[in-house]
Amino acid sequence: MSKNPLYPIFLKVHQLNVLLVGGGFVGTEKLSFLLKSSPKAQVTAVSKEFNAEFLELAGQAANVTLIQDAYDEKYLGGKHLVIAATNIPEINKQIHDEAKERYILVNVADTPELCDFYLGGIVTKGNLKIAISTNGKSPTTAKRLRQMLEEVLPEEIDELLENLNAYRDTLKGDFEYKVKAMNEITGMLVEKKG
């Protein structure tokens, strides 16, 4: 059995500049994903045309800038992440190659071999965020797992996190003591009931 070699990170995309190229169905899906997970994401979207759903979604987000134009490498300037979501494979490959020349992380929609990162399934319950990755093998499985976790995790989990954070702030002592105290109190979360 092979293991997923990806290293999960959580990016503060409200502090990064994201370029999204493509304003069709896939571009709309990518923008929706970004804004659902990080409503204040800084996104510049470039496309010759934007579909109505894309425009509606972008119109609800103050931090999305629309540029109605064909892709040009000049749009890579000052960007930290790039998402290529056009319906033209050659353009997506060009975006990938030009982003890589500038050491910018890139995701090319539906082309795993041209991706530095994947936009996996995400479950958010207040401050708790769980990312799900299938290493690009089955986005549908990631979607189903996300749906399941959204149902089984209670909304009150955020209250638990707040309470544990408040408790942690009261602890005095060195790091080892704090870890031991937090392990004791959170251990009951995984204890099996007889």
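**A buried threonine and the packing of helices**

Modeller: Leaving aside residues up to four places away in sequence, Thr-44 touches Val-18, Leu-19, Leu-20, Thr-65, Ile-67 and Lys-79, where contact means heavy atoms within 4.5 Å. This is a predicted model, in which local features need pLDDT of at least 70 and side-chain atom pairs count only at pLDDT 80 or more, while totals for chains, interfaces and linings use all residues. Residues are numbered from 1 along each chain as its sequence is written, and side-chain values use heavy atoms, with hydrogens and water left out.

Thr-44 lies in strand β2, residues 42-47. Strands (E, at least two residues) and helices (H or I, at least four) are DSSP runs, numbered from the N terminus. With a relative accessible area of 15%, Thr-44 is buried; the term means under 20%, whereas exposed means over 50% and partly exposed lies in between (1.4 Å probe, protein chains only).

Two further buried residues are Phe-50 and Phe-54. The structure holds 1 aromatic pair, and Phe-50 and Phe-54 form it, with 5.0 Å centre to centre and 35° between the planes, a tilted arrangement. Rings of Phe, Tyr and Trp (its six-membered ring) pair if their centres lie within 6.5 Å; planes under 30 degrees apart are stacked, over 60 edge-to-face, and the rest tilted.

Phe-54 also takes part in a helix contact: Gly-27, Thr-28, Leu-31, Ser-32 and Leu-35 of α1 meet Glu-53, Phe-54, Leu-57 and Ala-58 of α2. These residues divide into 5 nonpolar, 3 polar and 1 charged. Here Ala, Val, Leu, Ile, Met, Phe, Trp, Tyr, Cys and Pro count as nonpolar, Asp, Glu, Lys and Arg as charged, and the others, Gly among them, as polar.

Helix α1 (residues 25-37) packs against helix α2 (residues 52-59) at an angle of about 20°, their axes 9 Å apart. Axes are lines fitted to C-alpha atoms, for helices over the stretch in contact, and angles run from 0 to 180 degrees between N-to-C directions. The helices α1 and α2 are therefore roughly parallel; this term covers angles under 35 degrees, while over 145 is roughly antiparallel, 65 to 115 roughly perpendicular and the rest oblique.

Another helix pair is α5 (residues 157-170) and α6 (residues 175-187), which pack at an angle of about 150° with axes 10 Å apart. That makes α5 roughly antiparallel to α6.
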